Amino acid sequence: MLPFILALLSLTFANAANINVQPLSQARQNLAGAGLTTKGIAMFAGGYYFGSTSASIIASKAVDIYNVNTNAWTTDVLSQERYDLSGLSVDSKNLIIFAGGMSSSTNYYTTVDVYDAGTSQWLPGYALTVARAGMMATT
């Protein structure tokens with residue numbers, strides 16, 4: 001996971017050498033990441049971790065936020081716990097979007113979480129027209 005974080009941050013921010021490297025708030029996999037170069041923010045959301053057995057997959061709501069301007073990490077939560085969600089950013093609008101995902105092999109979601117980095121608030125009321133997981137996204 002750490003190589004993925006460093007790769008994303010080095011692509012997103014010009015000066016990756018001074019990053020305050022820390023573990024995510026919750027060890028997990030199949031999460032989504034997105035970053036805003038206009039605000040110097042990278043976010044890592046959702047994913048899953050194993051419960052007491054490797055057959056017990058638990059979806060996560062965790063969001064880890066790195067701010068390159070302050071060199072600090074903070075946390076937040078998604079509206080719905082899920083993994084295999086997609087993350088993308090819209091720099092011109094200061095938005096980071098996490099869409100779709102699943103919490104089990106039969107529970108797929110239309111959920112869309114939109115983070116407005118200009119106000120540091122989540123915007124309510126967005127959804128996909130069809131529940132999906134494992135999508136690709138780009139801006």
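## The largest pocket and its strands

Strand β7 contributes the most to the lining of the largest pocket, giving 4 residues. This is a predicted model, in which local features need pLDDT of at least 70 and side-chain atom pairs count only at pLDDT 80 or more, while totals for chains, interfaces and linings use all residues. Residues are numbered from 1 along each chain as its sequence is written, and side-chain values use heavy atoms, with hydrogens and water left out.

Here a pocket is an open set of points on a 1 Å grid over the protein atoms alone, where a 1.4 Å probe fits and protein lies on both sides within 12 Å along at least five of seven lines; lining residues have an atom within 4 Å of a point. Strands are DSSP runs of E, at least two residues long, and helices are runs of H or I of at least four, numbered from the N terminus.

| Feature of the largest pocket | Value |
|---|---|
| Space | About 230 Å³ |
| Closest to the centre, of 13 lining residues | Gly33, Gly87, Leu88, Ala137 and Thr138 |
| Elements giving two or more residues | β1 (32-36) and β7 (86-90) |

Let's turn to β1. Of its 5 residues, 4 are buried, meaning under 20% relative accessible area with a 1.4 Å probe, protein chains only. β1 pairs with β2 (residues 41-45) in the antiparallel sense over 5 bridges; pairing takes at least two DSSP bridges. Ala34 stands opposite Met43 in β2. The hairpin of β1 and β2 has 4 residues between the strands, and Gly40 takes a positive phi near 65° there.

Overall, the protein has 1 helix and 11 strands.

Conventions:
Grid points are joined across faces, edges and corners, and a volume is the space filled by probe spheres set on the points. Buried means under 20% relative accessible area, exposed over 50%, partly exposed in between (1.4 Å probe, protein chains only).
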